[in-house]
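Hi,

Here is the structure I said I would pass on.

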Amino acid sequence: MRNGVINIYKERGFTSHDVVAKLRGILKQKKIGHTGTLDPDAEGVLPVCLGTGTKLADLLTDRDKTYEAVLLLGQSTDTQDVTGTVLERGEVSVTEEEVRRAVMSFVGSYEQIPPMYSALKVDGRKLCDLAREGKEVARKPRPVTIHKIEILGMALPEVRMSVSCSKGTYIRTLCHDIGEKLSCHGCMKELLRTKAGPFLLKDSVRLSQVEKLRDEGRIEEILEPVDGVFSELPQVTLREEAARLGYNGNPFCVSDVLALEFPKGEVRVYDAAGVFIGIYAWQEGRCQYRPVKMFYQQQSER
């Protein structure tokens, strides 16, 4: 079984679940999952986890993301993008400077109301399922953070922009909200995810490339090892006699570590043979490292 993450370029027309299903067929492996959905009409970075890498899914979903989007001013839709039914139209009589000010006003934290066409659940039912039944329910605003917006081009009524944001941000809703602030309505025309956590668009591969690499026996070239996702964390190696503590997910002390310096905060933990065990964090009060996320596999499971 392969373990790790493949940075897939999700093409337009595929759902995120489609990508997982196709990869299961290409790699003949069932234990595969994605790290956060992209709309069918959206494209770009979709990290897909394999084997023990599936334990990374929640950690990667929580990472910040960057998108390149095209905002279309002058109309609002029920889906908040151009695939939906037009609800209202408005004359785009604003200037480029007014648009620029409105766009940049969303940098920082703001309360965003999730769209009805989303996978969020209310009383156990997905909002998108309710929307398809013609129902609309009240949604609580959720705090999101827009770290940075860069306007890449403007040819009104279209605005192309790069948006770096926190998890849970809907770019469709951001486009809608900008249009409402300008009093002319707006929706999203295009969406390309260019970054998800440490994974970049320039390094992503299409499903057809994965299939070709499989046939050539070169899948390992695009498979990011599980510990590679945490390359920014310092490494800690357990003494041979203390390795069992890590294997069993137990806390360990500095005396169990092969090192002259003992980094505080989160660390990557390995045994003396270089096998990745998991992520631990230093607890000052107890003077020991305690497990955050375990990735160790018994030899028979590898």
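Taking a disulfide as a pair of cysteine sulfur atoms within 2.5 Å, the count comes to zero disulfides. Before the details, the ground rules: this is a predicted model, where local features need pLDDT of at least 70, side-chain atom pairs count only at pLDDT 80 or more, and totals for chains, interfaces and linings use all residues. Residues are numbered from 1 along each chain as its sequence is written, and side-chain values use heavy atoms, with hydrogens and water left out.

C287 is in no disulfide either, as the nearest cysteine sulfur, in C253, sits 8.2 Å away.

For burial I use relative accessible area with a 1.4 Å probe and protein chains only: buried is under 20%, exposed is over 50%, and partly exposed is in between. C165 is buried, at 1%, while C287 is partly exposed, at 42%.

Now the sheet. Strands here are DSSP runs (E, at least two residues), numbered from the N terminus, and two strands pair if DSSP finds at least two bridges between them. Four strands make an open sheet in the order β15-β16-β17-β18, with mixed pairing. At the edges are β15 (235-237) and β18 (288-294), each of which pairs on one side only. Ignoring direction, neighbouring strands are turned by 40 degrees against each other on average; the axes behind that are lines fitted to C-alpha atoms, and angles run from 0 to 180 degrees between N-to-C directions.

Going across the sheet:

- β15 and β16 run parallel and are joined by three bridges, with Q235 opposite R268 in β16.
- β16 and β17 are antiparallel, over five bridges, and Y270 has F276 in β17 as its bridge partner.
- β17 (residues 276-283) and β18 are antiparallel too, joined by six bridges; G278 stands opposite M294 in β18.

β16 and β17 also form a hairpin, with five residues between them. In that turn, G274 has a positive phi of about 85 degrees.

Cheers
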